[in-house]
Amino acid sequence: MTGFGLAYIALATRDVAAASRVLGELLELPRQDLRFAGHTAPCFAIGETALALFAPEDPFLGAGTQPGVHHIAFATEDPAAASAALAQAGFATHAAPGGAVALDPAQCSGVRVRLSPALRMGVGRSGWVDRIDHIGIASADNQAAIATFCQRLGCPLESQQTDMEVQIAVESFTSDRYGVVYHTRPPVPVGGLRVAFITTGDCELEFLQNFDPAQSGQVSHGTSGNTRQDQGAIARFVASRGAGLHHIAFKSRDIDRTLAHLHAAGLPMIDLKGRPGSRRARIGFCHPQAMGGVLIHVVERD
C-alpha cells in the first residue's frame with residue numbers, strides 16, 4: 001500500500017444547523033449539499049478534503065452513533081478494488097452505505113475508516129482557516145497505530161513526540177548570617193501524552209496516548225486547557241468509549257484572531273488565546289457544545 005488521501009471526514013452532530021453556521025457562516029468555508037446513500041448532507045470544503053455533517057441517527061452512520069468525529073473516508077475511485085487489495089493484506093472489510101467499504105475499527109486502532117470516491121469539491125480555505133491541520137485520535141497504543149497506518153497502509157510517519165507537564169519544587173534556606181540558598185528538586189511529571197503524527201492527504205492523523213496509565217489527568221471545566229487536562233480528556237475518552245476519533249483541528253495563520261472571532265460570535269470556548277501545543281504550535285479549543293458535540297480546535301504553526 002502507498003497511502004491514501006482523504007475523501008471526507010464525517011461528523012455526527014446533535015445540531016446540524018449550528019455546526020453548519022460555524023463552518024459556513026463563521027469560518028466561511030465553501031458549502032455544497034451532497035447526497036450520501038439517498039440522504040443529503042451539508043459538506044464544507046477545507047483544504048483538499050471536506051467535512052460532512054450528519055445527525056447521529058442518520059442511517060448513513062449506523063446504529064448507536066454518538067456525537068463526535070464519526071469516520072474518515074480514504075479516497076479511492078474504486079472502493080471494491082481497494083477492498084480486495086486490503087483483504088489480501090489481511091484487513092477485514094464489509095460493505096458500507098452508498099457503495100463505500102468499511103474497515104474493521106479493531107484493526108485500525110479504533111479508527112472508523114471507509115473507502116470512498118473523493119467528493120471533488122475543490123480546495124477550500126478562508127481568511128480564518130487554511131485546511132485541517134490534524135484529526136485527533138484517542139489512542140491506546142501508538143506503536144500499533146504506526147504499524148497499521150504506516151507499515152500496512154503506507155501512510156508516512158510525520159513525527160513523534162512526548163508532551164509533558166511537570167512540577168518543580170524550589171526550597172529556600174534563609175539565614176540572617178549566611179543569606180539565602182535556593183535548592184531546586186528534580187522535576188516530577190504530573191501529566192503527559194505520547195503523540196504520533198501520520199500523514200494522510202494534506203493533514204495528519206494525531207494519535208494521542210496517555211503517557212502514564214497510572215495517571216488519569218484532570219479535567220477542569222470553565223478554565224483554559226493545559227497538558228494535564230489534555231491527558232485527562234484522552235484518558236476519559238478511552239475509558240468511556242474506547243480508542244477512536246476524538247477531534248478536528250483547523251490550521252490558522254492567526255490563532256488569536258480566529259479564536260476571538262468565534263468567541264465574539266457567541267460560541268462557548270475552552271481557550272480564548274492560543275497556548276503551547278505539539279509541533280511547536282499554538283492551540284486553542286472551542287467547547288464541543290459549539291458544534292453539537294463535536295470537539296474542534298484551532299492550530300497556528302509554521
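Predicted model: local features only at pLDDT ≥ 70, side-chain atom pairs only at ≥ 80, totals over all residues.
Residues are numbered from 1 along each chain as its sequence is written, and side-chain values use heavy atoms, with hydrogens and water left out.

The structure holds six aromatic pairs. Rings of Phe, Tyr and Trp (its six-membered ring) pair if their centres lie within 6.5 Å; planes under 30 degrees apart are stacked, over 60 edge-to-face, and the rest tilted. What makes the pair of Phe4 and Phe74 stacked? Their ring centres are 4.9 Å apart and their planes are at 5°, so the pair gets that label. The two residues sit 70 apart in the chain, with Phe4 in the segment before β1 (6–12) and Phe74 in strand β5 (residues 68–75). Strands here are DSSP runs (E, at least two residues), numbered from the N terminus. Phe4 is buried too, with a relative accessible area of 15%.

## Around strand β5

Seven of the eight residues of β5 are buried. Now for its neighbours; two strands pair if DSSP finds at least two bridges between them. β1 and β5 pair in the antiparallel sense over six bridges, and Tyr8 stands opposite Ala73 in β5. β5 and strand β8 (residues 113–116) run parallel, joined by four bridges, and Ala75 stands opposite Ser116 in β8.

## A ring cluster

Tyr8 turns up again here: ring pairs link Tyr8, Phe36, Phe54 and Phe60 into a cluster. Are Phe36 and Phe54 buried or exposed? Both are buried.

Some rings also have a charge over them, meaning NZ of Lys or CZ of Arg within 6 Å of the ring centre and within 35 degrees of the ring normal. Arg114 lies over the face of Phe60, at 4.9 Å from the ring centre. Arg257 does likewise over the face of Trp128, at 3.9 Å from the ring centre.

Met164 lies in strand β10 and is partly exposed, with a relative accessible area of 30%.

Terms used: Buried < 20%, exposed > 50% of the residue type's maximum accessible area, 1.4 Å probe, protein only.
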